[in-house]
Amino acid sequence: MSVFVRGFGRVENVSVGGDGKGKHERGSHSDEEAHDEALRGDARDPGAHGDSRDDIETVDAEPEHVLPYEAVTEVMRAIDPNEPPPGQSPAQPSESAASPVPQPPVPEPPVQERVEQESAEQGPVAEGLSDEIPADEIPADQVSAHEIPADKLPADEVTAENEHGDDIPAEDSSATDAGAVASHNVATENVAAEDVAAEDVAAENVVAESDRLEDEPVAGLPGEGSSTPLTPEEPDGDEAIASEADTQDQPTPPSGLPAAGHVSSVRPGPVESAPTQAYSAVTPPGDRGPMAPEPEGEDSATVAIPVVAASSEQQPAPTEQPAPTEQPAPTEQFVPAEPADGDVEGQPAGKEEEKFSRMKIAVLAGAAVAILGVFYTADMLSTSGSVPRGVTVAGIEVGGLSHEDAEAKLVSELGPRVNEAVRVDAGDQQLEVVPSEAGLGVDWVTTLDRAGSQPINPFTRVMSFFTGREIGVESTVDAALLDAGVESMRTQTDRAPSEGDVVFEGTTPVGVTPAPGQTMDVQAARDELETNWAFGEVEVPVETVDVTVHQDEVDRVLAEVATPAVSAPVVFTGRDGARAVLSPENVAAVLNFEPDGEGQLATRYDTPAATALLAPQLASTETPPKDATFALGGGVPTVVPAVVGELVQWPKSLEQLPALLASVDSRSTDAVYEQAQPALTTEGAQALGIKEVVAEYTTGGFEYASGVNIRLTADIVNGALVKPGETFSLNEYTGPRGTAQGFVESGIIDNGRPDRAVGGGISQFATTLYNAAYFGGMEDAGHTEHSYYISRYPEAREATVFEGAIDLKFTNTGKTGVVIESFGSSSDVTVRLWGTKTVDVESITGPRSNPTSPNTITLPAGNACVPSGGGPGFTASDTRVITDIATGNEVSRDTRTVKYDPIPIVRCESPEPEPEPEDEPADRPAGAAPPAAPSAEDGE
């Protein structure tokens, strides 16, 4: 049931949250109206009038019994002696009492001790219901643990409330506090739930809500200038949820009893910020039933005791709490939580200090940022337009200078380096390169552009005080000179790997230490020079090429092969006891080693060199083979049978050489002999068809010396065989024609005038051989006429030769072989071709044309001067017609035209008179020197 307390009015929506705050809200009816309605007994349906009290969700979910005015005053003063009576602000002294004398605070015992003490004093809960204790006899510190019977309160201060929420006199009310008793446990549970939930929410909202309540007046309170009655505030979200759940879980009280959770409102007087806590000592609902009426005469009021907070300031209204689920009613008494030490208005003690610290840090941080901003701006303005700080170019500091000053400094300090040698490290090689000679220079403007503009990033600007930035040099390049310089470096740095080897110094084997090679990367070296030459040192990349034969293999070959090989001579025994000896010196000459590509040294034996050393020593024991030949005497050619030879087969004999060189005991073996077949066997010679003279030609009129050379050549060529399809070469067949072969000095034509040389006169044999081949139907494979016409030769049908320069060649195009028979006398020389005649050949000489006159040449008298009467020059031609003998058909017709130069008139004069200038030939450019060697027109 509800009660009216004088000075407060009806208490409604009194709550105690976990943050120690409370709310006092006025109802929608005034106290007088509610009291009149209660006296009239106007029974109305609570829900019909929409009483807002049914919708008010409070933390305390049961009706509260309120103590009389005096009891409340005593309780409040017992809690805080300085606390003014309800309805009186702290600034207004009570009219009924003088200002209380301040008393020292009495320390309260711990919460648990107070709970136990109060429980002991109360005794069993059931007994407390029948034993009424006068309110004036309840100690102030225990008033919260007892219930005051309603008949002990003055009649003008006690009212009741029916089921419609109307106030009626307490004595007219037949309802008991059974509803309150049943709701006590729920209220106790809601208080505990509120403590937990409100602690989470209040910490977040307490500061903002306290500020709001300090600035805004509480609506409808007396003394605040408002006549509007106090109305319930909308609860916070969390409180609403908690209260709604409490209301839903509670059973509906019987008619005439106040609804669970409804508490009378306080009026009049200002609302204090101290929360109010309700206490009740009743029998739990489980003992009497949730709606069982109290025994008659035991109607008692629930005491509503304000809990004084540490501050008298107004507190914000508690937030709406979610309704907890219905739980069994606890039997233990609820003890209100004491405010923690240092809590002010529900805030932690360090809240203000933490807020102040944050503000202080923010102010300091802002000041620091402002100071840094000033320095940053000043630094930006002072360095504007200059090279960024910390920049270096090839080690030269230019940071902070203007571009003009920086360029001047670079030209002064960096410019001379262009002509100074730069050291180049290429592997294990060290070279020097002069940049200017390699086509390198400095692009001053582009180099400074590398530095960029002033950085905007503050961190970069700060770091520039402590760090540097090298930007290098932008080079100007002459590509051709730079490529040439790099190529010159490459020739000095590149080397092939030196493989491990064993060589002989005399007869002593020596190991060669392996050394890796290296190859320079040309493009990378070019880039390095272009980029880094200004630093004075450049390292160009080289690639190392490793060896395949290492030192261990060298040591093995030296010990196992080379040293035993030259320890003693090697002997090859031939027929009749003949011996061929390979001495240690010879062994060192024919023995060598080469890498095999698999990391080993392979032994190589120079077989031709060994054969050349050994064969002459056993030549007397051999029978050389002889080819079949043709005997041409008696006018009929005959075949001379071939001879099969017997020769030492040195390749087979030398197969034993490795074993002989490796042995230290037996170093001798027998030479291997085998038959050697001739190149032309008897049968082969008989099948060539050599049976008749095919062609013959004779020339004469040569001097003695020339005759010697001509006859010697004829003897060499005599018997030469030209097989079908083969080409005969005079120079190749005769070989060298020097004094060693018996040739002598004779007349030649040198540079257009007569001269003398060893082998002179052989051109006459060449002319004779050419004409024999001409009429024998041979194919011309190459010949050259004399530059001057010689009267003993036919026009346009002659040839000259000169060793190593001019040759005579022809090819046998027939199906049978051709044998050359040549011989000479003191006055002439004859060449005859033997074979099988199949064609007839006719020569047609054309008329001379384009005659030219000779020049006169005067030379100093002596052996070098051969006088000559000269002769005219002209052009001649010759046509060869070949006819097949069997058919008479013409096979071919070829014409050859030859231009002969005039023979100069040569005069040999004494050196005493002044020599006259030589007359240059008409066809020779003025000032042209005569050739040192015979030209193509000259011959022997």
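1. Helices (H or I, at least four residues) and strands (E, at least two) are DSSP runs, numbered from the N terminus. By that rule, Arg737 sits in the loop between helix 21 (730-734) and strand 33 (745-750). The model is predicted: local features need pLDDT of at least 70, side-chain atom pairs count only at pLDDT 80 or more, and totals for chains, interfaces and linings use all residues. Residues are numbered from 1 along each chain as its sequence is written, and side-chain values use heavy atoms, with hydrogens and water left out.

2. Overall content. The protein chain holds 22 helices and 44 strands. Of its 940 residues, 42% are buried. Here buried means under 20% relative accessible area, exposed over 50%, and partly exposed in between (1.4 Å probe, protein chains only). The accessible surface comes to about 46,500 Å². Carbon and sulfur atoms own 53% of that surface. Areas come from the Shrake-Rupley method with a 1.4 Å probe; for residues, only the protein chains shown count as cover.

3. Contacts along the chain. A contact means heavy atoms within 4.5 Å. Take the contacts with a separation of 6 or more: residues 24 or more positions apart account for 76% of them.

4. Arg737 again. Gly760 is 23 residues away in sequence. In space, the two C-alpha atoms are 9.8 Å apart.

5. The disulfide. How many disulfides are there? The count comes to 1, taking a disulfide as a pair of cysteine sulfur atoms within 2.5 Å. The partners are Cys865 and Cys908, with their sulfur atoms 1.7 Å apart. The pair links distant parts of the chain, 43 residues apart. Cys865 lies in the loop between strand 41 (856-860) and strand 42 (873-884). Cys908 belongs to strand 44 (residues 905-909). The link is left-handed, with -95 degrees about the S-S bond. Cys865 is buried at 7% relative accessibility, whereas Cys908 is partly exposed at 27%.

6. Pro872. This residue is also found in the loop between strand 41 and strand 42. Buried or exposed, at 55% relative accessibility? Pro872 counts as exposed. Setting aside neighbours within four places in sequence, Pro872 contacts Thr852, Pro854, Asp901 and Pro902. Tyr900 is 28 residues from Pro872 along the chain, and their C-alpha atoms are separated by 8.6 Å.

7. Helices 12 and 13. Helix 12 (residues 479-493) and helix 13 (residues 522-532) have axes that come within 10 Å and cross at roughly 120 degrees. That makes helix 12 oblique to helix 13. Axes are lines fitted to C-alpha atoms, for helices over the stretch in contact, and angles run from 0 to 180 degrees between N-to-C directions. Angles under 35 degrees count as roughly parallel, over 145 as roughly antiparallel, 65 to 115 as roughly perpendicular, and the rest as oblique. The crossing is right-handed. A crossing is right-handed if the near helix is turned clockwise from the far one by less than a right angle, and left-handed if anticlockwise. Helix 12 contributes Ala479, Leu482, Asp483, Val486, Met489 and Arg490 to the contact. Helix 13 meets them with Val522, Ala525, Arg526 and Leu529.

8. Helices 20 and 22. Helix 20 (residues 704-717) packs on helix 22 (residues 762-775) at about 45 degrees, with the axes 8 Å apart. Helix 20 is therefore oblique to helix 22. Their crossing is right-handed. On helix 20, the contact is made by Asn709, Ile710, Thr713, Ala714 and Val717. On helix 22, the residues are Ile762, Gln764 and Phe765.

9. Positive phi. Which residues deserve a check of the backbone? Asp576 has a positive phi of about 60 degrees although it is not a glycine. Asp576 lies in the loop between strand 21 (570-573) and strand 22 (579-582) and is exposed at 82% relative accessibility. Asn850 has a positive phi near 55 degrees and is likewise a residue other than glycine. Asn850 sits in strand 40 (residues 849-852) and is exposed at 55%.

10. Glu432. This residue is in strand 12 (residues 429-433). Glu432 is exposed, with a relative accessible area of 64%. Beyond its neighbours within four places in sequence, Glu432 contacts Ala421 and Val422. Glu537 is 105 residues away along the chain, with a C-alpha separation of 9.3 Å from Glu432.
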